[in-house]
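Subject: Structure for your review

Dear colleague,

Please find below the structure that I am handing over to you.

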Amino acid sequence: METCIINSPLGFTKIVGNIDGVASISVLNSKERISDIIPEILEDCVIQLKEYFEGSRKEFQLKLNPKGTDFQKKIWNLLQDIPYGKTTSYLELSKQYGDIKAIRAVANANGKNPLWIIVPCHRVVGSNGNLTGYAGGLHRKKWLLEHESPFKQQSLF
C-alpha cells in the first residue's frame with residue numbers, strides 16, 4: 001500500500017491505496033509531516049480532494065477499495081448516493097437498506113467508513129436534523145455541510 005499525507009482546510013489528511021484503489025482517507029488529529037512526493041497511484045485522489053476543498057468538485061471519480069464487511073460496503077455504497085449539498089438521516093438510510101430495524105447497525109457502519117469525504121458519511125444527520133456523532137469531530141462535519149451548502153452565509157460587515 002502506498003501512503004501520503006496532505007494538508008486540507010480541516011487538518012492533515014492521510015491517504016492510503018494501491019493499484020486496486022483508494023483504501024482509506026482519514027483526517028488526523030495530530031500534526032504530521034506533509035508528503036514531499038505523492039505516489040503516482042494516489043495523485044488523482046489528491047487532485048480531486050483539492051478540487052473539492054476549492055469548491056470546483058461535487059462528485060469524486062476514483063477507484064475505491066475500502067476494507068469492510070459486506071454489510072458495511074453496502075451501507076457505504078448507499079452513502080455515495082447522497083447528493084452533494086443534501087443530507088439524509090440514519091432512519092432514511094435504514095429504509096434505503098431495506099430494514100428499518102437495522103438503524104443501529106447502519107449508524108455503526110456509517111461510523112466505520114474508511115473513506116473520509118469521498119464516501120460522504122458527513123451527510124447523515126439525526127432524524128430531527130441535528131448533527132450527530134462524526135469520527136472526524138462534529139466541528140469538521142459542520143464545516144463540510146456548510147462547505148457543500150448552496151446557501152452560503154453572507155458577512156454582515
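Predicted model: local features only at pLDDT ≥ 70, side-chain atom pairs only at ≥ 80, totals over all residues.

Residues are numbered from 1 along each chain as its sequence is written, and side-chain values use heavy atoms, with hydrogens and water left out.

Confidence

The average pLDDT of the protein (the predictor's confidence in each residue, from 0 to 100) is 93, and 96% of the residues score at least 70. Helices (H or I, at least four residues) and strands (E, at least two) are DSSP runs, numbered from the N terminus.

The sheet

Three strands form an open sheet in the order β1-β2-β3, with antiparallel pairing; two strands pair if DSSP finds at least two bridges between them. The edge strands, each pairing on one side only, are β1 (2-8) and β3 (21-27). From one strand to the next, the twist averages 20 degrees.

β1 and β2 form a hairpin with two residues between them, and they pair in the antiparallel sense over seven bridges. Glu2 has Gly17 in β2 as its bridge partner. Strand β2 (residues 11-18) also pairs with β3 in the antiparallel sense, over six bridges; here Ser26 in β3 is the bridge partner of Lys14.

Helix α1 (residues 43-54) lies across β1, β2 and β3 and runs at about 15 degrees to β1. Axes are lines fitted to C-alpha atoms, for helices over the stretch in contact, and angles run from 0 to 180 degrees between N-to-C directions. Contact means heavy atoms within 4.5 Å.

UniProt, in an unreviewed entry, places the feature "domain: Methylguanine DNA methyltransferase ribonuclease-like" at residues 6-65. UniProt positions are given in the numbering used here, feature names are shortened, and annotations may be inferred rather than shown by experiment. The span of residues 6-65 is 20% helix and 30% strand, and its end C-alpha atoms lie 20 Å apart.

Helix packing

The axes of helix α2 (residues 70-79) and α4 come within 9 Å and cross at roughly 80 degrees. The two helices are therefore roughly perpendicular to each other (angles under 35 degrees count as roughly parallel, over 145 as roughly antiparallel, 65 to 115 as roughly perpendicular and the rest as oblique). Phe71, Gln72, Ile75, Trp76 and Leu79 of α2 make the contact with Ala105, Val106, Ala109 and Asn110 of α4. By class, these residues are seven nonpolar, two polar and no charged. Ala, Val, Leu, Ile, Met, Phe, Trp, Tyr, Cys and Pro count as nonpolar, Asp, Glu, Lys and Arg as charged, and the others, Gly among them, as polar.

For helix α3 (residues 90-97) and helix α4 (residues 103-111), the axes come within 9 Å and cross at roughly 105 degrees, which makes α3 roughly perpendicular to α4. Tyr90, Leu91, Leu93 and Ser94 of α3 meet Ile103, Val106, Ala107 and Asn110 of α4 in this contact.

A loop residue

Leu28 lies in the loop between β3 and α1. Leaving aside its neighbours within four places in sequence, Leu28 is in contact with Ile5, Phe12, Lys14 and Arg140.

Yours sincerely
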